[in-house]
Amino acid sequence: MGAMETKAIVKKVEELVEPIVRTLGLELVEVQFRRERPGWVLRLLIDKEGGVNLEDCVQVSEVVGDILDAEDPIPHAYNLEVSSPGLERPLVKEKDYQRFAGRKARITTRQPLAGRRNFTGIILGIEDGLISLRLSEGQQVEIPFSLVEKAHLKFDFK
């Protein structure tokens, strides 16, 4: 299964699952579909204010599992996992950068900006598709959302 097919499956699952997760009072943070040991894993990361608990994960797993069985968007066997995004939650949508303004994050870009691809600092917000980040070194940088390869909150274990 190629990258294009995997992306198409993720998009279809997002379209099926997001409205259901929202009706349960939760947010669908990210859908991941990848080959791991021992096979394919469809992972749904969910969240809500105050964090998710085991009952939230079980409820989503049961409801979404039934929908995926009925719609059958994945042409082969896979394991469904539903979990919290954790302390270092991925930043996937533009609205994440508003919601988590004031928090520390690590952003990796698809191509270098000012000679680098990795940026760590405090999120100042996002406006017109530009993420404002105050770097650990003190300067401020604007990163086009369209260039973000991956990003997540950064938790300092002090």
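In the predicted model, the largest nonpolar core comprises 22 residues, of which Val 13, Val 17, Leu 42, Leu 44, Ile 46 and Val 60 touch the most other members. A nonpolar core is here a set of buried Ala, Val, Leu, Ile, Met, Phe, Trp, Tyr and Cys residues joined through side-chain atoms within 4.5 Å, where buried denotes under 20% relative accessible area (1.4 Å probe, protein chains only). Two or more residues are given to this core by each of H1, S1, S2 and H2, and H1 gives the most, with seven residues. Helices (H or I, at least four residues) and strands (E, at least two) are DSSP runs numbered from the N terminus. Leu 44 touches Val 13, Val 17, Leu 28, Glu 30, Val 31, Val 60, Val 64, Leu 80, Glu 81, Val 82 and Ser 83, residues up to four places away in sequence not being counted; contact means heavy atoms within 4.5 Å.

Residues are numbered from 1 along each chain as its sequence is written, and side-chain values use heavy atoms, with hydrogens and water left out. Because the model is predicted, local features need pLDDT of at least 70 and side-chain atom pairs count only at pLDDT 80 or more, whereas totals for chains, interfaces and linings use all residues.

Three strands form an open sheet of mixed pairing in the order S1-S2-S3, two strands being paired if DSSP finds at least two bridges between them. The edge strands, S1 (27-35) and S3 (79-83), each pair on one side only. Neighbouring strands of this sheet are turned by 15° against each other on average, direction ignored. S1 and S2 (residues 40-47) are antiparallel over eight bridges, and Glu 27 has Asp 47 in S2 as its bridge partner. Helix H1 (residues 3-23) lies across S1 and S2 at about 150° to S1. Helix H2 (residues 54-71) packs on the sheet, touching S2 and S3, and its direction makes about 145° with that of S3. Axes are lines fitted to C-alpha atoms, for helices over the stretch in contact, and angles run from 0 to 180 degrees between N-to-C directions.

Antiparallel pairing also joins S4 (residues 104-113) to S5 (residues 116-127) through six bridges, with Thr 108 opposite Asn 118 in S5. These two strands form a hairpin with two residues between them, and Ala 114 in the turn has a positive phi of about 50°. S5 is in turn joined to S6 (residues 130-135) by six bridges in the antiparallel sense, Glu 127 standing opposite Leu 130. The hairpin of S5 and S6 likewise has two residues between the strands, with a positive phi of about 55° at Asp 128 in the turn.

Note on methods
Buried means under 20% relative accessible area, exposed over 50%, partly exposed in between (1.4 Å probe, protein chains only).
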